[in-house]
Amino acid sequence: MQTTKPYNISKKAVVMAYRRVKANKGTYGIDEQSIEDFEKNLQDNLYKLWNRMSSGTYFPKPVKAVAIPKKNGGKRILGIPTVEDRIAQMVAKLYFEPNVERIFYEDSYGYRPNKSAIQALEVTRKRCWRKDWVLEFDIKGLFDNINHDILLKMVEKHTNEKWVLLYIRRWLITPFQMNDGDIVERPSGTPQGGLC
């Protein structure tokens, strides 16, 4: 009888991921399970998640699509994963982020530990006093059009953990579930709203 799992994922990392997700105070996904509901059977839920992730049998649920109005009148679709999926994403982040954090530019503030939008504004404010011009740009539809294969090749350069690649691939192709219940496949892009 085999007692080892194909992927070496620490149970402590799963507990730490749960604590970080709880601290983020996010909302529920398509299963409508809140963090409080997840906690009603916490040890069992965390064990099951660890077991599935370690064995390679974890598959994320569809992502809840929520339309958010944009300034220009359009709408941005945010993807809200389930609590369990956010914990799984946080586990991968705990393993992957230390490998890539050191290669980011100092002036990169988005989605980074110990960096914030407030810090970015402080730097911008200081620099505005030194220059009389501002350069602003936005890549239209950036998150909606990310090529999955190219992204995964970049991730592969920074980790030896095969399970991180496996689950990032699964998260990238996880479909949206719209308000009316329709399932929308995502051949490219990554939803804004989850960790991955």
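What follows is a working chat about a predicted model of one protein chain.

Q: What does the chain have in the way of helices and strands?
A: The chain of this predicted model has seven helices and four strands. Starting at the N terminus, the order of elements is α-α-α-β-β-α-α-α-α-β-β.

Q: What does the C-alpha trace span along its principal axes?
A: About 70 × 40 × 35 Å.

Q: And how many residues, with what percentage buried?
A: The chain has 196 residues, and 32% of them are buried. The accessible surface is about 13,500 Å², with 54% of that area belonging to carbon and sulfur atoms.

Q: Of the contacts between residues at least 6 apart in sequence, what percentage join residues at least 24 apart?
A: That comes to 67%.

Q: Turning to the core, which residues have the most contacts inside the largest nonpolar one?
A: Met53, Ile87 and Trp163, in a core of 30 residues. Two or more residues each come from α1 (11-24), α2 (35-39), α3, α4 (83-101), α6 (148-156) and α7.

Q: Which element gives the largest share?
A: Helix α4, with nine residues.

Q: What is Ile87 in contact with, leaving aside neighbours within four places in sequence?
A: Val14, Ala17, Tyr18, Val21, Phe38, Leu46 and Leu49.

Q: On to aromatics. How many pairs are there in the whole structure?
A: The search finds six aromatic pairs. One of them is Tyr58 with Tyr167, an edge-to-face pair at 5.2 Å centre to centre and 75° between the planes.

Q: Where do Tyr58 and Tyr167 sit in the chain?
A: Tyr58 is in the loop between α3 (42-55) and β1 (63-69), while Tyr167 is in helix α7 (residues 162-173). The two are 109 residues apart, and their pair links distant parts of the chain.

Q: Is Tyr58 buried or exposed?
A: Tyr58 is buried, at a relative accessible area of 0%. Tyr167 is buried as well, with a value of 0%.

Q: What kind of pair do Tyr167 and Trp171 form?
A: Tyr167 and Trp171 form a tilted pair, 6.2 Å centre to centre with 45° between the planes. Both residues lie in α7, four residues apart, about one turn of the helix.

Q: Why does four places matter there?
A: An α-helix has 3.6 residues a turn, so residues three or four places apart point the same way.

Q: Why does Trp171 count as buried?
A: Because its relative accessible area is 6%, and the cut-off for buried is under 20%.

Q: Which residues do the ring pairs link into a cluster?
A: Tyr58, Tyr95, Trp163, Tyr167 and Trp171.

Q: Which residues of α7 are buried?
A: Trp163, Val164, Leu165, Tyr167, Ile168, Arg170, Trp171 and Leu172. The buried residues of α7 pack against α3, α4 and α6.

Q: How far does α7 reach from its first C-alpha to its last?
A: Helix α7 reaches 17 Å over 12 residues, close to the 16 Å expected at 1.5 Å a residue.

Q: Which ring does Arg170 lie over?
A: Arg170 lies over the face of Phe59, 3.7 Å from the ring centre. Arg186 is placed over the face of Phe176, with 5.2 Å to the ring centre.

Q: Last topic, Ser54. Where is its place?
A: Ser54 is in helix α3. Ser54 is buried, at a relative accessible area of 1%.

Q: What does Ser54 touch, not counting residues up to four places away in sequence?
A: Ser54 touches Lys5, Pro6, Tyr7 and Ile9.

Key. Residues numbered from 1 in each chain as written. Predicted model: local features only at pLDDT ≥ 70, side-chain atom pairs only at ≥ 80, totals over all residues. Heavy atoms only, no water. Phe/Tyr/Trp six-rings, centres within 6.5 Å; stacked < 30°, edge-to-face > 60°. Buried < 20%, exposed > 50% of the residue type's maximum accessible area, 1.4 Å probe, protein only. Lys NZ or Arg CZ within 6 Å of the ring centre and 35° of its normal. Core = buried A, V, L, I, M, F, W, Y, C linked by side-chain atoms within 4.5 Å. Contact = heavy atoms within 4.5 Å. Expected span 1.5 Å × (residues − 1). Areas by Shrake-Rupley, 256 points an atom, 1.4 Å probe, with all protein chains shown as cover.
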